[in-house]
Amino acid sequence: MTLVAHAWDMDGSVGLVEFYEGDRLLGSVPVESNPDGTAPAPVDDGSGMLPVPPSRNIVSFTWDSVSAGRYSLSAKAIDDANEGTESPAISIGVVGVETAP
């Protein structure tokens with residue numbers, strides 16, 4: 001199963017994204033910075049909301065050997081200052097597992 005997270009840091013760069021099932025760390029993925037080594041610049045869209053960078057880091061992780069059942073999944077982005085922000089958890093249900101021929 002492929003898990004995908006979008007991560008960004010408004011005042012630096014994201015260095016790592018961790019993927020969790022409940023409290024259990026499934027794995028972590030290092031994040032590449034922009035080609036020039038800088039973080040994406042924020043964009044003010046005039047809405048008064050938090051500015052959103054023009055590009056996000058899209059990070060994917062493959063969770064192998066997932067058994068049928070219900071799971072609570074989240075991701076945590078860790079930035080260049082070693083500060084982390086965790087996503088809200090989502091619940092999924094796996095009803096069957098197919099194997100490739």
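The model is predicted, so local features need pLDDT of at least 70, side-chain atom pairs count only at pLDDT 80 or more, and totals for chains, interfaces and linings use all residues. Residues are numbered from 1 along each chain as its sequence is written, and side-chain values use heavy atoms, with hydrogens and water left out.

**Strands**

The chain has seven strands and zero helices. Its pattern along the sequence is β-β-β-β-β-β-β. Here helices (H or I, at least four residues) and strands (E, at least two) are DSSP runs, numbered from the N terminus. Two strands pair if DSSP finds at least two bridges between them. The table shows two such pairs.

| Pair | Direction | Bridges |
|---|---|---|
| Strand 2 and strand 3 | antiparallel | six |
| Strand 1 and strand 4 | antiparallel | six |

Strand 3 covers residues 24-30. Arg24 in strand 3 stands opposite Glu21. Strands 2 and 3 form a hairpin, with two residues between them. Gly22 lies in the turn and has a positive phi of about 65°. In the other pair, Thr2 has Thr62 of strand 4 as its bridge partner.

Which residues of strand 4 are buried? Asn57, Val59 and Phe61 are; they point to one face. Buried means under 20% relative accessible area, exposed over 50%, and partly exposed in between (1.4 Å probe, protein chains only). Of the 101 residues in the chain, 30% are buried.

The accessible surface of the chain is about 6,800 Å². Carbon and sulfur atoms hold 52% of that surface. Such areas come from the Shrake-Rupley method with a 1.4 Å probe; for residues, only the protein chains shown count as cover.

**The largest pocket**

The largest pocket holds about 460 Å³ of space. A pocket is an open set of points on a 1 Å grid over the protein atoms alone, where a 1.4 Å probe fits, with protein on both sides within 12 Å along at least five of seven lines; lining residues have an atom within 4 Å of a point. Grid points are joined across faces, edges and corners, and a volume is the space filled by probe spheres set on the points.

The lining has 25 residues. His6, Ala75, Ala77, Thr85 and Ser87 lie nearest the pocket centre. Strand 5 gives the most to the lining, with seven residues. Strands 1, 2 and 6 are among those that each supply at least two.
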